[in-house]
Amino acid sequence: MASKKKNNVEKMKNILAFVLTILVLVLTYIQEREAAQSIHNNPSAGTIVVSQVEGELQIYYLDVGQADSIFITTNGKSMLIDGGNNDDGKLVVDFLKQIGVAKIDYVVGTHPHEDHLGGLDNVIKAFDVEKILMPKQASNTKTFEDVLDAASDKKLKITAPKVGDIFFLGEAKCEVMAIENEVENANEASIVIEVTFGSNKFLFTGDMEVANERKRDWNDVDVLKLGHHGSSTSSSKRFLNQTNPEIVIISVGTDNPYGHPHKEVMQRLNSMNTKIYRTNDSGTILLTSDGERINVQEFLASCEGNVE
């Protein structure tokens, strides 16, 4: 009799344990479903957790004519990508001083062409620079030698990053997406950097060409600095479809001898749901991100003018 009672007690314990397990699973399911429904009804609630960042990210696409120069700053950290032509050096320096720059954490020379490296020697001489990034792509031009000399005079080492290298400007994550060293076409050596700030992504392409675009898959980005001033040697249909930018910035000079941006590239862009800004039309362009929204200011000034 005692044995039978003991068996009944054991059975009741097992049943109770089973019921409690089922209740826990049901409650967990209900809580997860309510949380998912809350995010569905209010998408921003889900986004804020992922993208919340302190402060703002500001990106200046400088109007340097048929050349590139981009200044990025957030939370007291900064990066300059390229420095325009040789004749733009003083203008770039003056512009940066006007907006209160005293120190630059990263100076990036995407590749050794004069319309990208031209003003970097002036910048290196004028500011406190922490690091210089350039590909191992030599050139016998005076422009290239001037940059090397400016770095040497300030005892700065030039580093060639690798694909996948990551560094930070405050809360902005910067990842090297492409770089080549010692290639025949210097455009293909371009350092390509993706900057992520909160949920916003920005891609800076230098003069990257289709050959580079084909070597990897690309993330969806909010803003694309169009490769090689809009040349048809860049911005393939596959690349544009993968990056799928909401905003495209073209750094280009008026009536330039190359016909940039090329007609076929503009046709590809116009077939997409994207907003296009050109420095030859809009002057220096300022993009400001809070990690979710991006504000665009046109006609800020050319490097020759005063900042509004």
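Predicted model: local features only at pLDDT ≥ 70, side-chain atom pairs only at ≥ 80, totals over all residues.

Residues are numbered from 1 along each chain as its sequence is written, and side-chain values use heavy atoms, with hydrogens and water left out.

Now colour by accessibility. Buried residues make up 48% of the 308 residues in the protein chain; buried means under 20% relative accessible area, exposed over 50% and partly exposed in between, with a 1.4 Å probe and protein chains only. Contacts come next, meaning heavy atoms within 4.5 Å. Of the contacts with a separation of 6 or more, 62% are between residues 24 or more positions apart.

**Stop 1: the cores**

Select Ile59, Tyr61, Ile72, Met79, Val195, Phe202 and Phe204. They belong to the largest nonpolar core, which has 29 residues, and these are the ones that touch the most other members. A nonpolar core here is a set of buried Ala, Val, Leu, Ile, Met, Phe, Trp, Tyr and Cys residues joined through side-chain atoms within 4.5 Å. In soluble globular proteins, nonpolar side chains tend to be buried together.

Zoom in on Tyr61. Leaving out residues up to four places away in sequence, Tyr61 touches a list that includes Phe202, Phe204, Val223, Ile249 and Leu287. Then select Phe95, Val107, Leu120 and Ala151: they are among the 27 residues of another core, which lies apart from the largest one.

**Stop 2: the enclosed space**

Together they line the largest cavity, which holds about 40 Å³ of space. How many cavities of 30 Å³ or more are there? The count is 1.

The search uses a 1 Å grid over the protein atoms alone: a cavity is a set of points where a 1.4 Å probe fits but cannot get out, a pocket is an open set with protein on both sides within 12 Å along at least five of seven lines, and lining residues have an atom within 4 Å of a point. Grid points are joined across faces, edges and corners, and a volume is the space filled by probe spheres set on the points.

By class, the cavity lining has 3 nonpolar, 3 polar and 2 charged residues. Ala, Val, Leu, Ile, Met, Phe, Trp, Tyr, Cys and Pro count as nonpolar, Asp, Glu, Lys and Arg as charged, and the others, Gly among them, as polar.

Click on Thr279, in helix α10 (residues 279-282). Is Thr279 buried or exposed? At 1% relative accessibility, Thr279 counts as buried. Beyond four places in sequence, Thr279 touches Tyr61, Leu62, Asp63, Ile250, Ser251, Val252 and Ile285.

**Stop 3: the open space**

Next, select Phe71, Thr73, Ile99, Gly100 and Val101. Of the 13 residues that line the largest pocket, these are the closest to its centre, and about 180 Å³ of space lies in that pocket. Show the strands too: β1 (57-61), β2 (70-74), β3 (77-81) and β4 each supply at least two residues of the lining. The lining divides into 5 nonpolar, 5 polar and 3 charged residues.

**Stop 4: the salt bridges**

A search of the whole structure finds 11 salt bridges, each a side-chain nitrogen of Lys or Arg within 4 Å of a carboxyl oxygen of Asp or Glu.

- Glu130 and Lys103 meet at 3.6 Å, N to O. Glu130 lies in strand β5 (residues 128-133) and Lys103 in strand β4 (residues 103-108), so the pair ties together parts 27 residues apart in sequence.
- Glu194 and Lys201 meet at 3.4 Å, N to O. Glu194 is buried at 3% relative accessibility, whereas Lys201 is partly exposed at 23%.
- Asp217 and Arg238 have their closest N and O atoms 2.7 Å apart. Asp217 sits in the loop between α7 (210-213) and β11 (223-225), and Arg238 in helix α8 (residues 237-243), 21 residues apart.

Finish on Arg238, which is partly exposed at 34% relative accessible area. Setting aside neighbours within four places in sequence, Arg238 is in contact with Glu213, Arg214, Arg216, Asp217 and Trp218.

Terms used. Helix = DSSP H or I, 4+ residues; strand = E, 2+ residues; numbered from the N terminus.
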